[in-house]
Amino acid sequence: MASKTVQTELFAVAQGCPECGGTLDSSGRETHCENCGLVTEQDQLDHGPEWRTYNREEQKRTGAPRTATRHDRGLSTNIGSAKSADISPRRRRRLARQRRLDGRSKYSSKRDRNLAHGLGEVRRIASALSESRSVKERASTLFREAQDADLLIGRSIEGGAAAAVYASCRCNGLVTMETVAGVARCSDSHIWNCYRTFLVELELSIPVSLPVDWVARICSDLPLDVAPEVRQRALELAERATESAEVNGRPDGVGAGALYLAGQESDIRLTQATISEPLDLHPETIRQWFQQIEEHIVD
């Protein structure tokens with residue numbers, strides 16, 4: 001169809017202007033006569049390439065996809081740095097000034113600037129924890145909803161970003177507050193304060209973690225291989241501890257205590273320090289839950 005249209009246009013140009021017989025020019029979006037200016041064709045189809053080249057190796061038909069991790073959904077552009085030696089100092093200063101003004105024009109208000117700072121902190125924390133893109137997207141959306149609900153007024157942006165990442169990680173897997181606080185730029189109290197506010201005001205449905213889930217997580221993070229019978233015994237003890245009324249507490253500690261007790265029963269050297277290292281727990285915590293499981297669960 002495109003080749004037929006091109007042939008028709010070439011035939012019309014060869015025929016000349018219908019008014020004065022002059023030469024027709026079809027180099028632009030319309031075909032017009034060079035002598036009298038008569039427009040014979042308009043709104044022509046662009047038969048050129050529709051892709052855009054961002055580098056030498058890859059060609060794309062569209063730009064970058066929209067993302068919730070940017071305050072402008074990733075629709076803005078940046079003026080790159082001039083690294084070429086052929087640019088004069090005057091033009092280099094001009095590009096630096098344009099780059100500075102372009103950066104300021106991206107934020108229409110202080111609220112947008114705070115949103116950009118918070119989403120940048122969300123990306124930094126999620127990257128430090130080696131979380132997936134879905135966790136970053138969910139945490140960014142949660143931080144944006146918290147700002148729209150005015151939940152960050154009187155609270156630090158860093159605490160809100162860390163709380164959003166922690167809530168997103170809780171929805172997608174297992175993580176401790178100590179792990180998130182270790183890479184955040186605020187204290188644990190700030191993160192807990194923002195996290196509790198998000199839970200109540202945004203009505204988040206955070207799944208409850210069980211000791212059974214932490215047993216599998218600990219076994220996968222240990223530097224040594226855990227025998228299948230030890231893991232099965234630890235899962236059994238953790239499940240019985242969950243159903244028991246005497247053993248009730250933090251699930252990571254109960255799971256670690258169940259794994260330590262299972263190793264002791266099988267004569268496998270699993271020290272409390274080795275189990276506590278991937279969880280960032282104190283060995284005293286594991287010892288406490290190990291003693292309670294041994295007292296109330298083991299027959």
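How many salt bridges does the count come to? In this predicted model, the count comes to eight salt bridges, and several of these pairs are described below together with the solvent accessibility of their partners.

One of the pairs joins Arg233 and Glu265, whose side chains meet in a salt bridge with an N to O distance of 2.8 Å. Glu265 counts as partly exposed, its relative accessibility being 38%.

A salt bridge is also formed between the side chains of Arg250 and Asp252, for which the N to O distance is 2.7 Å. The two partners fall into separate accessibility classes: Arg250, at 33% relative accessibility, counts as partly exposed, whereas Asp252 is buried because its relative accessible area of 4% lies under the 20% cut-off.

Within helix 12 (residues 283-296), Glu284 and Arg287 are placed three residues apart, which is about one turn of the helix, and these residues form a salt bridge in which the closest N and O atoms are 2.3 Å apart. Glu284 counts as partly exposed at 44% relative accessibility, and Arg287 is likewise partly exposed, with a relative accessible area of 29%.

Terms used:
Residues are numbered from 1 along each chain as its sequence is written. This is a predicted model: local features need pLDDT of at least 70, side-chain atom pairs count only at pLDDT 80 or more; totals for chains, interfaces and linings use all residues. Side-chain values use heavy atoms; hydrogens and water are left out. A salt bridge is a side-chain nitrogen of Lys or Arg within 4 Å of a carboxyl oxygen of Asp or Glu. Buried means under 20% relative accessible area, exposed over 50%, partly exposed in between (1.4 Å probe, protein chains only). Helices (H or I, at least four residues) and strands (E, at least two) are DSSP runs, numbered from the N terminus.
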